[in-house]
Amino acid sequence: IDDMQLLEPLGKGGMGVVYLARQLSMGREVAVKLLREDKRGEEQSQKLLDEARITAALDHPNVIPIYSLGVDPSNDQSPMYVMKRVEGVNWKQVLREQADLPTLLDTQDDRLDANLDILESVCRAVHFAHSKGIVHLDLKTDNVMLGHFGEVYVVDWGISASFAPLTDSPESLALPHTLDLTHPRGTPGFMAPE
């Protein structure tokens, strides 16, 4: 966190808040995810760490890159992670609120074609995650970011789990597993009925 200058909140979710920050050593803008003050505790800290590890394990053009993982000494050593900052809108804003498509995604005359291209990118990210034994349990239009230069990123892997066969390897034991889930996870309007 010593290398980060937090600037302003970019968004807030169920457990965390994402800030625009300046990474001083690199002279670039990044996004930093921290736990919300009302969500700090051991269980939530572990969830944020799991999210960072899962996302970092998915090195794919349509998954947001994680730059580093650390602790915030000013907030009880709460975990935080640093990721690429995406300038743009989420897919929900484009579909429901009729926000403009980022210029490089709006090259077709038909908006449907542009949205199908976005869906293909999401499918590639999800397919890659599945090939690594990871399932995103909260896939929705809010969790797809569209950058101004045509980037499509599946974000918020916090409600994800491994479905790979369990082994005694440190990698297998470090991630939450679908067998450990005790209740449904995700957003009801986007969950499969089963």
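Start with a pair in helix 1: arginine 53 and aspartate 50 sit three residues apart there, so about one helical turn separates them. They form a salt bridge with the closest N and O atoms 4.0 Å apart, where a salt bridge is a side-chain nitrogen of Lys or Arg within 4 Å of a carboxyl oxygen of Asp or Glu. This is a predicted model, in which local features need pLDDT of at least 70 and side-chain atom pairs count only at pLDDT 80 or more, while totals for chains, interfaces and linings use all residues. Residues are numbered from 1 along each chain as its sequence is written, and side-chain values use heavy atoms, with hydrogens and water left out.

**Overall layout**

- The protein has four helices and ten strands, counted as DSSP runs (H or I of at least four residues for helices, E of at least two for strands) and numbered from the N terminus.
- Going from the N terminus, the order of elements is β-β-β-α-β-β-β-α-α-β-β-β-β-α.
- Of the 194 residues, 39% count as buried; buried means under 20% relative accessible area, exposed means over 50%, and partly exposed is in between (1.4 Å probe, protein chains only).
- The accessible surface comes to about 11,000 Å², and carbon and sulfur atoms account for 52% of that; the areas come from the Shrake-Rupley method with a 1.4 Å probe, and for residues only the protein chains shown count as cover.
- Take the contacts (heavy atoms within 4.5 Å) between residues at least 6 apart in sequence: 51% of them join residues at least 24 apart.

**Salt bridges**

- The structure holds eight salt bridges.
- In the opening pair, aspartate 50 counts as buried at 10% relative accessibility, and arginine 53 is partly exposed at 36%.
- Glutamate 43 counts as exposed at 56% relative accessibility, whereas lysine 47 is partly exposed at 31%.
- Lysine 33 bridges to aspartate 156, with 3.7 Å between the closest N and O atoms. Lysine 33 belongs to strand 3 (residues 28-35) and aspartate 156 to the loop between strand 9 and strand 10 (160-162), so the pair ties together parts that are 123 residues apart in sequence.
- Lysine 33 is buried, with a relative accessible area of 9%, while aspartate 156 counts as partly exposed at 32%.
- Glu51 joins in as well: Lys33, Glu51 and Asp156 are linked in a network of salt bridges.

**Helix 3**

- Helix 3 covers residues 111-131, and its end C-alpha atoms are 30 Å apart, which agrees with the 30 Å that its 21 residues should span at 1.5 Å a residue. The expected span is 1.5 Å times one less than the number of residues.
- Its buried residues include Ala114, Asn115, Ile118, Ser121, Val122, Ala125, Val126 and Ala129. They cover an arc of only 130° around the axis, which puts them on the same side of helix 3; the arc is that of the directions from the helix axis to the C-beta atoms.
- Cover for the buried residues of helix 3 includes helix 2 (91-95), strand 7 (134-136), strand 8 (144-147) and strand 9 (152-154).
- On the face turned away from the buried side of helix 3 are the exposed residues Leu112, His127 and Ser131.
- Leu112, Leu116 and Leu119 make a nonpolar surface patch of about 260 Å². Patch residues have over 30% relative accessible area and no salt bridge; like charges are joined within 9 Å, and nonpolar side chains (Val, Leu, Ile, Met, Phe, Trp, Tyr) within 5 Å.
- Leucine 119 lies in helix 3 and counts as partly exposed at 37% relative accessibility.
- After helix 3 comes glycine 133, with a positive phi near 80°.

**Two loop residues**

- Histidine 60 is in the loop between helix 1 (42-57) and strand 4 (66-72), and is buried at 16% relative accessible area.
- Leaving out residues up to four places away in sequence, histidine 60 touches Arg124, Ala125 and Phe128.
- Serine 25 sits in the loop between strand 2 (16-23) and strand 3, and counts as exposed at 53% relative accessibility.
- The C-alpha atoms of serine 25 and aspartate 3 are separated by 6.4 Å, although the two residues are 22 residues apart along the chain.
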